[in-house]
Amino acid sequence: MATTERPTKLWPTLEVLSPIPSELSPSTDNPDVLEINLGPNHPSTHGVLRLVAKLDGEIVVGLRNELGYVHTGIEKNLEQKTYWKGITYVPRMDYLSFFTGEVGYCMSVEKLLGLEVPRRAEYIRVIFQELTRLHSHLIFLGTGSVDLGGIALLFYCFRDRDHVLDLFEMVTGQRMHPRYCQVGGVAEDLPRGFEPEARKLVRYLRNKIGEYEGLIEKNPIWRERTVGVGVIPPDFAIKMALSGPNLRASGVDWDLRSANGGYGAYRELGYSPVLAENGDTFDRFWVRVQEMRSSLDLIEMCLDGLPSGPHIADDRKVVLPPRHELHTSMESLIHHFKIVTEGFRVPAGQVYVPIESARGEFGFYMVSDGGPKPWRVRLRPPSFVALESIAAVANGHYLADLIAILASLDPVMGDCDR
Amino acid sequence: MLDQVKGFSVTLRHLFRKPVTQEYPEYRRPVYPRFRGRHQLHRHENGLEKCVGCSLCAAACPADCIRVVPAENPVEGRVSAGERYARIYEINMARCIFCGYCELACPFDAITLGNDFELSEISRDALVYTKDMLLAKPERRTPSKSVELYDVPVQEMERVLGMYDVITATNPEGAPE
Amino acid sequence: MAATETNLVTVTFDGRELQVAPGTPLVVAAAEVGIEIPVFCYEPRLGPPIGACRMCLVEVEIGGRAMPKLQAACTMTTQDGMVVRTAATSAPAKEGQDAVLEFLLLNHPLDCPVCDKGGECPLQDLTFRYGPGTSRMTIPKRTYEKPLPISPSVLIDRERCILCYRCTRFSSDVAEDGELVARERGARSVIATFEERPYVGAFSGNVTELCPVGALLPTPYRFKARPWEIVNVPTVCTGCAVGCNTWVTLREGKAERVISRNHPEVDEGWLCDRGRFARHEPLVERLAEPLIRDSSGLHPATWEEATRSTAQRLRHVSALKGAGAVAIVTGGNLTNEEAYGWAAIARSVGARTASGPVAAAGEWERLDPYAARIDDLDRSDLIVVIGDADVADRAGVVDLRIRKARRAGAHLAIVSAGGTILERDAGSFVAAPAGSAAAIVAALAGAGAAPAGVDLADLGARLAVASHPVLVVTDPIAIALIEQLAHTLRLHERGGVLPMPRGANERGARLAGLSGGGDAVLAGLESGEIRAVVLVGLDPTAEWPEAERWHMALAQADHVVTVSAFVNSAVSWSHIVLPQTVDHEREGTVTNLEGRIQRLRPVTKGPSGRSDLVAIAAIAEVLGVPVAPTPAKVYATLAADLTVPLSWSQLNGRAPLPSRGREARAPKKVAAPKAPPAPAAGRFVLVAPRPLFAGPAVERTAALAHQRAPWVMLNHADADALGVAEHDVISVTHAGGTHTGPLRISRRLVAGAVRINWAGAPATGDATVVRS
C-alpha cells in the first residue's frame, strides 16, 4: 500500500486575489490560454454553478465564478411572509443541511422575542441538527467521490442517507424540509419509537463510517488525487472568512458549537471540534468523515440525557395554543386565529444569529420593525463564502484538481444563491 | 495477489446480503403515521362537512396554494356544520409544499394530510384538486406504520401541550401497519 | 399662542410627561406621547365618551393622591399634576384590563372561523395584543337566536355583542334617527330596534363599520371574503356630489364592499347606505360591446367601427348643417377627464353641449366667491336650508354634518314645503308653498316679494347678524338668484353657500367645458336645428324633465349616439351605442360640490374591458383633436387650463381643497321668479324631489329594496279631508305616472301638497290623490 508522507507544516503562501478576491485572471497574455465553461449544467458542479476557467494546457490560470442560477429571492420572500410562515422557506436554501436553516431562523426570532426555549426542545433540536449534518456529509461524501471517479461510495452514502431521512419522516412527517423547528421549540414531541430506532441508526452508521473511512484513507488513488491538492493555509482561510469543516481542515479551532460556549444544548453537551492539519483536499474530506462520528456521539449524548418537560415554550402570544382548547376557550381561539392569519408581532430590533450548519457559519441577520413580518432578512450562506476562495486555491492546479477542490469545499448552490 | 483476494472476498460477502433495494411499485413501503402527503377533507359522522370555509388554511399556507370561496349554508340541505361552508375549496398540488400548516391552522380538524404521495399528473390543471376530490377517499391507500409506536409522543404531554394530538386522533390513515 | 400655553396642564403617562390642554380625554392625551390605551367604545365622532367597555382602565394619581379605583381613560380628562399609569406599567391596571377582557370574552361565542369580522376585529386584535392567553371559562355560554336581520342590509348577532353602545350612539347622536336602542337590563341587555321593526335610515350601514366585534355585519358582504384575501382600493364614491372617500374591497376581481376612508373635511368617515350598498354588480342589462344600427336593427360592432362611425357622423353633420347641428348631452357622472374629452370633441365639430337639464341651474362657478366648504358647517352659527328636497337626498352625509353643527350650537333654519327629515330637529321652520324656493331666495335677496303667507322676517334678521352663516339651497333654481342672495348677505366675507349639484360631477363637467343646458338642446332638436345628438351616461327620457318631449325629439334626430352602461330607453332611438363604465370601473378625477378634486381609481374592469377615455380619444383622433387616452395626461392639461394648483400625485390620499379667491363680482340681474301655478281644484301640488335611493344601481341592489319602498305624504288636514289614515295605501297620479304607497301623515307639510319619493323622471305640477 502506498503511503504518502504528510507534508510538513510549512504552509504555502496564498494571497487574496486582487482586485476581485473571487476572480483569478491570467497573469500573462498567453495566446494559448483556452477559456472553457464548467457548468452551469455539469454533473460535478453540484447544482448550477458556472465556472469559467482559463486553461494553459491543463493548468488552471484563470477562474471566475458565475452564480445566481438558482436565485429565488428567499430573503425577500421572508420579508413578505410572517415569521411563522418563514420557517418553511429557510430549509429550501441549503437543502442538504435543511434543519440547521430552520433552527437558525427560529433562534434569531427567539432572540428578537427574548423567548426562552425549553431544554427538551433544545436537545431535540441538537439531535436533528446532527442528523441533518450526517445527511449532508453523507451526500457530500457520495457525490464528492463520484467527482473523483469512485462510484461505489455514492450508493453506500445514499443508502445510509435514506436511513437518516427515515428518522425525519418518523418524527416530523417529512423526509426533507420538515418545518419541525418552530419558534419556541419544536412542533411535536418525539414518538415512542424514536429512541430505539435512533440508537440503531447510530450503531449502524458507526460501523459504516469506519468502512467509508477505509475507502478514503486506504485508497491510494484517492490519496493521489487529494493529498496536497488545494492547500488552504489557515491565515488565508481566515482572511477569506471560510468557516465550518473547510476552516477546521486547515487546523483552525473554530466551531460555533463550541466557540464562545456554543449555543442551544451544545452549551451543556460540551463539544470539541474535529481538526485536521494540512488544509488540503484530503483533509477536507477527512474532517467531514470524522465529524460524522462526532455527530453520532452527540446524538447518543442527547438521547442519554434527553430532559423531560415541554417540547415548546408556553407563550400564548407566539406559540399556537393547544388544539383541544380551540373548541372551548375564546382566548385560545383568538390567539390561534391571529397567529395563523396575521402572525405574532416581534419587538423592533436587529439580531445576528450564526449557527454551525453542515458547511459552516450560517448567519441570520434579521431586522424587525415591530410588525408581524421581518423588515429585513439577510442570510450569510457558508457556501457562498466558501466559493469565493476557490479561484485562489485552484490557481496553478490541474483542471481535474479543480473538480476535486470544488467538491471538497462542499458548496450547495441553493444555499449560495438563496 | 492478496489484495485481489481481499477485494473479491468483499464482493463475495455482498452476494449473500439481502439487497436494500425495494421493488417499487410492487412493494409499497409503509409511511410513518406522521407523514404528510395528499390532503384529505373530512366529514362529521352525520355526513356534514367539517370545513366551514373559514379560509384559515389559505391564510396559513406559505405557498398560497389554497383557494376557499365560502357561502351561506342553505337552510335546506346543509353542507357543513357551521353558518357557512366552502362553496369552492381548491388546493393547487403543483404549488403545495406539504408543510402541513393548513392542518395546523384548521380549527375544526377538517383538513389533514394523509399518506399518499403518488400525485404526479400529465397536466398542471389536473393538479388543482377540487373539494370533491379532497373529500373522496384516495383510490389507492398508502399503508402506514404503527401509530402506537411512531406517532404517540414519548411523553404524555398531549394534555398540556398537545399541538398535534387532535390531528393524530383524527388521522384516518393512521391505521396500524 | 402664549395665552393657550399658560392654560396647558402637565400630565405624566407611564413616566412620560406631557403638556396638554385641560379636559382632554386621557386616551387622546396618552396617544400624544405614543402610549396606546386600548378602547372599544371610545369614538370621538359619536359625541361625548360614555365609558361603557371599561377596556381603557388606568391607575390615576392626582396631586400625589391615588384615586381609590381604576379609572376609565376615555371619560377621565386631564388635570394638572395627574400621574397616569397604564396597564403597561401598573399591575392593578393590567389586572383590571385582563378582567375586563375576560368578561367581554365570557359570553363571546367561538365564532371567529365563521365570523366575517375575523381578522379585522378590534376584539381579536386587542385580546391578542393585551389580553390573557388562557381562559378560565368552563360553563356554557349565553346563546341567542342568530343572525337576525336588523334591516335587509344589516344583520345582528347578539351573542357576539359586547354592548359598547357605539351603534346606539350613532343612531341617537349622529344620524339622530333613534331607531337602534339597547333593550333589557344587565346581562340580558341586547341591541334592538323598536318592536323588531327594520332599521330604516339613510345611514344605517355605518353601524357595521363602528361595531368593534362581528355583531353588526353588512348582509351583502356576508361570507364574501377574508381580510387576508382582499385588496382595499382607495377611491371616491360617485353616488352624489359630496365625493365621500371610500375603500372598495376587491376579491378575485370583484368589488365586494365599500367602506369609508375617513376624510375629515368631507365625510368624517360616514357613508350613506346608497354609497355603501348600491352596486352595479349583477351585470344584467349591462352593455358589453358597441352596437351599430342598420336597416334590421342594432348589431354588435367592433370598437374601431363604432368610434370611427361616431366621429364620421358628427363631422358629416357639422360640415353639412354648420355649427350647432350637433349636440353632446352628458349626465352628471363623467370624470373631469372624460368631460374634457367630450368638450374637445364638441369644440371640433361646433357642437352644443349640455351638462344639466337647465343651463341656469348649473352655473356653479358663479358661486365660487361665496362658496363654503363642507367643514364650514362645523364653524357655522346659522345654517339656512331652503328648498323642498331633503339635504340627505341631495348630498347624503352633509345631512350628518348639519346635525353635528346643530348639536354644537348652530341655529338650523329650514324653509320648505315641509315633510323633510331634517326639519324635525330644526331651530326654526318656515313653511313655504311647494316649489317656491326661487321666490324665497329672491325675497331674501330683496329682489321680490315673499310668497303669500311666508314670513321671512325672523330668518332675515338672523341672517343679518350671524357671524358664519351657511346657506344651502336644495332645489335646482337659477344660480344667479343664489348668487344675488349671497352677494346681498355678503357671504364672501362670512360663512358661505354650499352648492348642491344634482350630478356627482356636474360641477367638474361644466368646468371642463361642458356648459349649457338640456332645455336648449331639446328646443334645438324639436326645431330641427340639431340633427345629431350624443347622449353620454344619460337617458334624458328617464332622468330629465319633459320626458315625453325628449322621446319625440330623439325620434326626429338623424343620428343618436348613446354612451351608456345599461340598456335604457334612449338606446331604442340610437344609431350607435357605446358601452360605458360605471362607478368602480373608471379612473380619473371628479370635482365635488365644494370644488374639491378627488381621484377615482379603477377597482374592476367593465364588461367591455375598455375605459371610456380610450373610446373618447379614439373618436377625437378621427376628428383630429388631440385627447390623451390616459387620465393622468388629460388631468395635467386640464389642471393647467383651469389653473388648479394640484398635480395628479397630490390627489392621492385625502385630497386638499386649495383656498380660492373670494372677490365678489356684481351679480347678474335676474327677473323675479314667477310663482308656481296653483293646482286645479281637487288636485294637489306635487312635491317629488328625487330621493337618495334612486337610480339604476339602487334598483339593482337587493339590500336597498326596503329603502326605496314608495310612500305618499299628506298634510294631516288633507288626510282628514280625504278620509285616509296613516299606512293606508294611496295612489298619486301625475304627469309622469302613478305612484302608490302607504300614507305618511305630516303636520309640517303644507296643506294642498302631496310629497312622494318618486324615483322616476323628475315630476312637477299637480296630481290627483286617491285611496287605492
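Q: Before we start, what counts as a helix or a strand here?
A: Helices are DSSP runs of H or I with at least four residues, strands are DSSP runs of E with at least two, and both are numbered from the N terminus. On that basis chain A has 16 helices and eight strands.

Q: Thanks! And where do the numbers and letters come from?
A: Residues are numbered from 1 along each chain as its sequence is written, while chains are lettered from A and ligands numbered from 1 in the order in which they are written. This is a predicted model, where local features need pLDDT of at least 70 and side-chain atom pairs count only at pLDDT 80 or more, but totals for chains, interfaces and linings use all residues.

Q: What does the radius of gyration of chain A say?
A: Chain A has 22 Å, which agrees with the value near 22 Å for a compact globule of 418 residues. The radius is taken over C-alpha atoms, and the globule rule is 2.2 Å times the number of residues to the power 0.38. Along its principal axes, the C-alpha trace of chain A spans about 80 × 45 × 35 Å.

Q: How many residues does each chain bring to the contact between A and B?
A: Chain A gives 33 residues and chain B gives 32 residues, with two residues in contact if their C-beta atoms, placed from the backbone, lie within 7 Å.

Q: Which elements of chain A give two or more residues there?
A: Those are α5 (152-172) and α12 (330-341) of chain A. The largest share of that side, five residues, comes from α12(A).

Q: Switching to chain C, what is the strand order in the open sheet?
A: The five strands run β21-β20-β19-β22-β23 (chain C), with parallel pairing. Two strands pair if DSSP finds at least two bridges between them.

Q: Why do β21 and β23 of chain C each have one side without a neighbour?
A: β21 (428-431) and β23 (496-498) of chain C stand at the edges with a single partner strand each, so one side of each has no neighbour in the sheet.

Q: And which strand pairs with β23(C) over three bridges?
A: Strand β22 (residues 469-473) of chain C does, in the parallel sense. Val470(C) has Gly496(C), in β23(C), as its bridge partner.

Q: Last one: what are the domains of chain C?
A: They are domain 1 (2-103), domain 2 (140-283), domain 3 (285-357 + 506-651), domain 4 (367-498) and domain 5 (684-771), with bounds from an automatic or database domain assignment. The centres of domain 1 and domain 5 of chain C, taken over C-alpha atoms, are separated by 52 Å.
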